[in-house]
Amino acid sequence: MIYQVLNQAIRSKSSDDVAELVRKTWLEPIANGESPLCAVRHPLGFTCLPVLRDGIYGICIHLFGERRTPVRMSVSPFHCHSWDLLSHILYGEIGNQHVEVEPGNTYRVFDTRTTASGDRLLPTEDIVDARASEPEYWPAGTSYEIPAGLYHASTVAGGAPAATVVLGLHHPEKRDLTLGALDTPEHRMTRRLHSRAETISLARTALDRLAAVAGDRLVAAGQR
């Protein structure tokens, strides 16, 4: 199963193998028009290629810095997943902020119900305070993990292009949660699809950026 193969490559710190798997398995078929997949404009501001959904296993490719329109957030970027996250940086740098949450009076906790068309955010009775650490940045070829239930937020330095392949292991007993303003009502956050042409263009751009990273590594190796 490709999930286990990719998981092993990431944990073995075989960044070239990870990039090759992502390129051959998903990006090239999308870029060549052989895949029907359409990219999703995620409410948190990045573009998502949901390349695998298989029971409790999931794989997405997240593309940052390729969006041309600003994101209007109805809630904070602080959230936690119902799944364990393993993220490997393909190119660029991804910043991750750990967020400490405790009972307080600043944010309301929202139960996030995700569907194909968007997220339904249901306000709960839980009111909390949140303290975010400074972002820890992860360069291309490195990986980080976030267990289910741990609040965090992702960022990129200066909006520069970056991409990560994300493996998710779902825990059905856990919930997806988001922090928002105390008076924010129940609402939906839309997940709009890119067109096939836009998705193909995004995949081709990602392939070009991956190739540039590989070229930089060869140059660096030759200078040693």
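Colleague: How many bridges join strand β1 to β14?

Modeller: Two, and the strands, with β1 covering residues 40–41, run antiparallel. Keep in mind that we are looking at a predicted model. Within this pairing, Arg 41 sits opposite Arg 192 of β14.

Colleague: Which order do the strands of the sheet follow?

Modeller: The seven strands form an open sheet, ordered β9-β5-β11-β3-β2-β1-β14, and the pairing is antiparallel. At the edges are β9 (143–146) and β14 (192–193); each has a single partner strand, so one side of each has no neighbour in the sheet.

Colleague: Thanks! Which strands does helix α1 lie across?

Modeller: Helix α1, residues 2–11, lies across β2 (47–54), β3 (57–64), β5 (83–91), β9 and β11 (162–170). Its direction is at about 120 degrees to β11. Helix α2, residues 15–31, also packs on the sheet and touches β2, β3, β5 and β11. The direction of α2 makes about 90 degrees with that of β5.

Colleague: And how should I read two helices packed together?

Modeller: Two packed helices are described by the angle between their axes and by the distance between those axes. Here, the axes of α1 and α2 come within 8 Å and cross at roughly 155 degrees. Angles over 145 degrees count as roughly antiparallel, and α1 and α2 are therefore roughly antiparallel to each other.

Colleague: Which residues make the contact?

Modeller: From α1 come Ile 2, Val 5, Leu 6, Ala 9 and Ile 10, while α2 brings Asp 17, Val 18, Leu 21, Thr 25 and Trp 26. By class, the residues of this contact between α1 and α2 are eight nonpolar, one polar and one charged.

Note on methods: Residues are numbered from 1 along each chain as its sequence is written. This is a predicted model: local features need pLDDT of at least 70, side-chain atom pairs count only at pLDDT 80 or more; totals for chains, interfaces and linings use all residues. Side-chain values use heavy atoms; hydrogens and water are left out. Two strands pair if DSSP finds at least two bridges between them. Helices (H or I, at least four residues) and strands (E, at least two) are DSSP runs, numbered from the N terminus. Contact means heavy atoms within 4.5 Å. Axes are lines fitted to C-alpha atoms, for helices over the stretch in contact, and angles run from 0 to 180 degrees between N-to-C directions. Angles under 35 degrees count as roughly parallel, over 145 as roughly antiparallel, 65 to 115 as roughly perpendicular and the rest as oblique. Ala, Val, Leu, Ile, Met, Phe, Trp, Tyr, Cys and Pro count as nonpolar, Asp, Glu, Lys and Arg as charged, and the others, Gly among them, as polar.
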